[in-house]
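Dear colleague,

Please find below the structure that I am handing over to you. My findings follow directly after it.

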Amino acid sequence: MAESPPSDAAGDLQVLTLAEALIGAMGDGFDPDALDALRTVAGSFSGAPNSAPGAVTASLTDLIGALLRSGRGDREALAVHVRAWRLMLTAAPGPAGEAALLEGLAAVRGLYATPKAA
């Protein structure tokens with residue numbers, strides 16, 4: 001990932017902690033209000049979009065959009081994204097680790113992608 005400007009690390013962790021709490025309170029079924037709340041929280045992340053945590057939150061918001069469009073809920077797919085977000089903020093897995101993690105998140109999102117018309 002490209003070098004990004006420093007962000008407010010404490011504020012970033014607070015946003016992440018709120019996202020984790022929302023996932024913890026979420027049921028297993030489709031809950032558009034909970035998904036909207038999580039999308040709002042992920043959208044409030046102050047990190048640069050070209051940073052690894054920014055790429056994870058973008059992936060998370062894309063997943064939430066796909067779930068809302070499909071009328072489906074998948075708490076575990078959301079939790080995978082939020083755990084990846086925490087990893088990117090706290091462990092800095094390096095370029096190869098970031099790439100592998102983002103590839104895995106893309107595969108999770110792909111489970112809910114709208115099929116392209118032929």
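What covers the buried residues of α5? The cover includes α3 (52-70) and α4 (75-90). Please note that the model is a predicted one.

Helix α5 comprises residues 94-110, 17 residues in total. From its first C-alpha to its last, α5 reaches 24 Å, close to the 24 Å expected at 1.5 Å a residue. The residues of α5 that are buried are Glu 98, Leu 101, Leu 102, Leu 105 and Val 108. These lie on the same side of α5, because they cover an arc of only 110° around the axis. The other side of α5 carries exposed residues, namely Pro 95, Ala 96, Ala 100, Glu 103 and Ala 107.

Helix α2 runs over residues 32-43 and has twelve residues. Its reach from first to last C-alpha is 16 Å, close to the 16 Å expected at 1.5 Å a residue. Which residues of α2 are buried? They are Ala 34, Leu 35, Leu 38, Val 41 and Ala 42. Viewed down the axis of α2, these buried residues fall within an arc of 125°, so they line one face of the helix. On the other side of α2, the residues Asp 33, Thr 40 and Gly 43 are exposed. The buried residues of α2 are covered by elements that include α1 (9-25), α3 and α4.

With kind regards

Technical notes
Residues numbered from 1 in each chain as written. Predicted model: local features only at pLDDT ≥ 70, side-chain atom pairs only at ≥ 80, totals over all residues. Heavy atoms only, no water. Helix = DSSP H or I, 4+ residues; strand = E, 2+ residues; numbered from the N terminus. Expected span 1.5 Å × (residues − 1). Buried < 20%, exposed > 50% of the residue type's maximum accessible area, 1.4 Å probe, protein only. Arc of directions from axis to C-beta. Contact = heavy atoms within 4.5 Å.
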